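Thanks for making time this morning.

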Number of protein chains: 2
Amino acid sequence: MSRELIVALDAMGGDHAPESVVKGASIARVRHPDVRFLMCGPEERLRALLKEHPKLEAVTTIDHTDDVVTGDAKPAVALRQGRNSSMRRAIDAVEAGRAMAVVSAGNTGALMAMAKVALRTLPGITRPAIAGLFPTQRGECAMLDLGANVQCDAQNLVQFAVMGEVFARTVLALPEPTVGLLNVGSEDMKGNDALREANGILGAASMPMRYRGFIEGTDIAGGTVDVVVTDGFTGNVALKTAEGTSKLVGEYVRQSFKNSIIAKLGYVLARSAFNKMRARLDPRRYNGAMFLGLNGIVVKSHGGTDAIGFANAVAVAVDMAREGLLAKIREDFDRIRAQRDMTGGGGPVAAVAV
Amino acid sequence: MSRELIVALDAMGGDHAPESVVKGASIARVRHPDVRFLMCGPEERLRALLKEHPKLEAVTTIDHTDDVVTGDAKPAVALRQGRNSSMRRAIDAVEAGRAMAVVSAGNTGALMAMAKVALRTLPGITRPAIAGLFPTQRGECAMLDLGANVQCDAQNLVQFAVMGEVFARTVLALPEPTVGLLNVGSEDMKGNDALREANGILGAASMPMRYRGFIEGTDIAGGTVDVVVTDGFTGNVALKTAEGTSKLVGEYVRQSFKNSIIAKLGYVLARSAFNKMRARLDPRRYNGAMFLGLNGIVVKSHGGTDAIGFANAVAVAVDMAREGLLAKIREDFDRIRAQRDMTGGGGPVAAVAV
């Protein structure tokens with residue numbers, strides 16, 4: 001790309017900030033040599049850390065501020081009192097066009113609230129959603145919403161489906177991603193009203209999407225679809241249940257190796273294969289939740305992650321920016337609305353209108 | 001126990017019925033030598049199968065019927081047209097006192113609908129729930145509801161908590177089980193209105209329960225609490241997400257062993273340890289979902305399970321019957337209501353009233 005790609009970083013967000021942020025940016029710089037960074041945070045502290053990474057320092061600008069949003073701050077409080085925080089300054093840089101994306105490992109609720117106010121939602125989208133990637137039997141899938149919207153109506157779910165489909169098409173480079181709606185069974189009558197209504201809209205022939213209908217919890221890791229659509233409550237529980245289960249099974253595997261001297265010897269022999277498996281399940285690999293539906297690219301890194309995890313979150317932001325994701329989401333919503341206008345304003349796509 | 005324990009079996013429920021039912025009962029007979037069976041289904045076919053299990057035949061009575069509830073029958077249709085089905089006859093045997101528990105691997109929705117009509121709910125309970133056991137880092141936990149009630153209010157959730165706590169105390173033999181409410185975060189303000197209201201009621205000092213507040217998806221396999229309370233939609237998604245994830249990780253483990261000849265040799269050495277691990281995660285081990293809140297013990301076996309899985313479901317029914325679970329749930333609700341009456345009919349326990 002000819003245009004320079006600048007990523008704004010909330011240097012003070014996360015449990016190990018600012019060290020993990022600077023180290024993570026240093027790893028990201030090697031991977032993306034054409035990217036520049038705008039670090040928002042306390043200048044002196046950041047300068048001292050950057051001294052150890054001269055190549056990163058050369059591509060980094062610092063936007064000084066001493067204010068931070070704490071991890072336990074309520075979103076409304078952060079909005080009012082955090083106007084000068086490292087988080088807000090990084091978001092504002094995207095709003096002002098000084099950066100093409102923002103990455104923060106800080107307070108999720110505050111980040112979403114500030115991003116909504118500063119960047120606003122894309123035309124046609126009522127509420128932004130948090131999307132993430134999951135490992136599956138067939139590779140990986142995208143899932144949204146992971147917690148931004150505890151309660152969702154049919155319109156929200158349909159919008160999530162459109163955004164998720166565009167995301168899978170552009171960032172995951174899938175030519176024709178399939179989409180499913182998470183439910184407690186695959187029959188049309190299952191679930192609540194919002195799910196049934198969204199199912200009807202998404203299933204309409206006029207919807208430009210390979211919609212596969214209702215799916216169940218087993219289908220997430222099963223890889224039945226490329227995009228799993230759900231409300232933020234269910235998505236968050238599913239995400240964390242999968243994390244907990246994966247950790248439990250990993251623990252069982254470790255324990256079984258300790259069962260006998262022969263099993264231990266087996267471990268020594270199979271170790272490198274196991275390390276590869278662990279790498280595939282490494283949560284840092286899937287770090288970087290995307291806020292979709294805003295006039296700007298916002299990526300949330302896990303608060304407890306290290307430099308490697310943070311670098312992966314930066315990679316997600318870089319991918320989204322490079323692929324022009326926002327423009328494509330906008331185009332898709334315009335197309336759907338144009339289709340609706342042609343059919344007289346009603347019909348199955350009415351639910352995605354502004 | 002002096003009184004004879006009779007378990008009614010829906011001989012025609014499940015993908016491999018009646019073979020899996022008869023074989024499963026045969027395994028169960030060995031484990032529970034004092035139990036007798038009432039098999040509901042086609043007499044001639046069952047007699048032929050029982051010929052191969054003479055010891056089982058000696059403790060089995062057949063209640064002949066040719067009618068069955070199909071796997072895809074809607075609950076309302078099954079209720080109307082299935083009055084003479086093997087499923088209904090098995091439930092009716094419990095209602096009439098001819099059996100102490102019923103086990104079916106048939107259609108879940110039909111089983112719940114028939115059980116509600118025939119057995120009715122216990123005093124103080126508005127809606128029955130489906131409970132199941134999960135493996136955790138600390139052993140196992142009970143979770144409910146797993147799908148009987150897609151939408152739940154605070155009162156339902158509080159009732160589930162009381163039933164689940166009694167279940168863990170009696171059948172799991174935990175002296176003081178801990179209880180948590182599944183949410184998207186542990187702060188009091190998280191979740192929807194029903195969750196916050198239930199949290200307030202369960203957290204009241206007068207509630208005879210070790211209530212631990214809100215928990216998250218990671219806490220299920222993490223073993224943070226002994227009883228996980230949630231609505232049927234979330235519980236069903238969490239259950240199936242955990243199943244899918246566990247299968248995926250198992251698949252990764254298998255693949256990693258195939259990576260090289262040395263890894264394969266490692267597998268040969270660690271094999272017996274791995275078989276133990278697989279046994280711990282075997283879904284048949286956790287087969288047998290309990291319908292809690294009815295005037296009778298109803299256990300749902302997975303429809304696709306084999307004889308070993310079905311025998312485990314029978315074991316669950318036998319445990320529940322032996323421990324006098326229903327009487328204890330009744331006592332607990334009576335106690336809570338008595339407390340409410342003493343405090344003038346209002347207060348935090350009002351929500352568990354009939």
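This is a predicted model: local features need pLDDT of at least 70, side-chain atom pairs count only at pLDDT 80 or more; totals for chains, interfaces and linings use all residues.

I will begin with the conventions, then take the sheets, the contact between the chains, and a few local details.

Residues are numbered from 1 along each chain as its sequence is written, chains are lettered from A and ligands numbered from 1 in the order in which they are written, and side-chain values use heavy atoms, with hydrogens and water left out.

Let me start with chain A, where eleven strands make an open sheet of mixed pairing, in the order 3-2-1-4-11-10-5-6-9-7-8. Helices (H or I, at least four residues) and strands (E, at least two) are DSSP runs numbered from the N terminus, and two strands pair if DSSP finds at least two bridges between them. At the edges of this sheet are strand 3 (60–64) and strand 8 (210–215) of chain A, each of which pairs on one side only. On average, and ignoring direction, neighbouring strands here are turned by 25 degrees against each other; axes are lines fitted to C-alpha atoms, for helices over the stretch in contact, and angles run from 0 to 180 degrees between N-to-C directions. Strand 4 (residues 101–104) and strand 11 (residues 297–300) of chain A run parallel and are joined by four bridges, with A:A101 standing opposite A:I297 of strand 11. Helix 7 of chain A lies across strands 5, 6, 7, 9 and 10 of that chain, running at about 165 degrees to strand 9.

Turning to chain B, we find an open sheet of eleven strands in the order 3-2-1-4-11-10-5-6-9-7-8, with mixed pairing. Strand 3 (60–64) and strand 8 (210–215) of chain B each have a single partner strand, so one side of each is left without a neighbour in the sheet. In chain B, four bridges join strand 4 (residues 101–104) to strand 11 (residues 297–300), and the two run parallel; within that pairing, B:V103 stands opposite B:V299. Helix 10 (residues 232–257) of chain A packs on this chain B sheet, touching strand 5 (129–136) and strand 7 (178–182) of chain B, and its direction makes about 40 degrees with that of strand 5; contact here means heavy atoms within 4.5 Å. Helix 10 of chain B packs on the sheet as well, touching strands 5, 6 and 7 of chain B, with a direction at about 145 degrees to that of strand 6.

That brings us to the interface itself. How many residues does the contact take from chain A and from chain B? The contact takes 53 residues from chain A and 53 residues from chain B. The area buried between the two chains is about 4,600 Å², with carbon and sulfur atoms giving 73% of it; buried area is the accessible area (1.4 Å probe) that two parts lose on being put together, summed over both. On the chain A side, A:V184, A:F233 and A:Y252 lose the most area to chain B, together 14% of what that side buries.

The rule finds two salt bridges across this interface, a salt bridge being a side-chain nitrogen of Lys or Arg within 4 Å of a carboxyl oxygen of Asp or Glu. B:E216 forms a salt bridge with A:K240, and the closest N and O atoms are 2.2 Å apart. The elements giving two or more residues to the side of chain A that touches chain B are strand 5, helix 9, helix 10 and helix 11 of chain A, and helix 10 gives the largest share, 22 residues.

I will close with some local details. Over all chains, the whole structure holds 26 salt bridges. In one of them A:R47 meets A:E57 at 3.6 Å, N to O; A:R47 lies in helix 2 and A:E57 in helix 3 of chain A, so the pair ties together parts that are ten residues apart in sequence.

The peptide bond from A:A17 to A:P18 is cis, with omega near 0 degrees, and A:P18 sits in the loop between strand 1 and helix 1 of chain A. Another cis peptide bond joins A:L144 and A:D145, with omega about 0 degrees.
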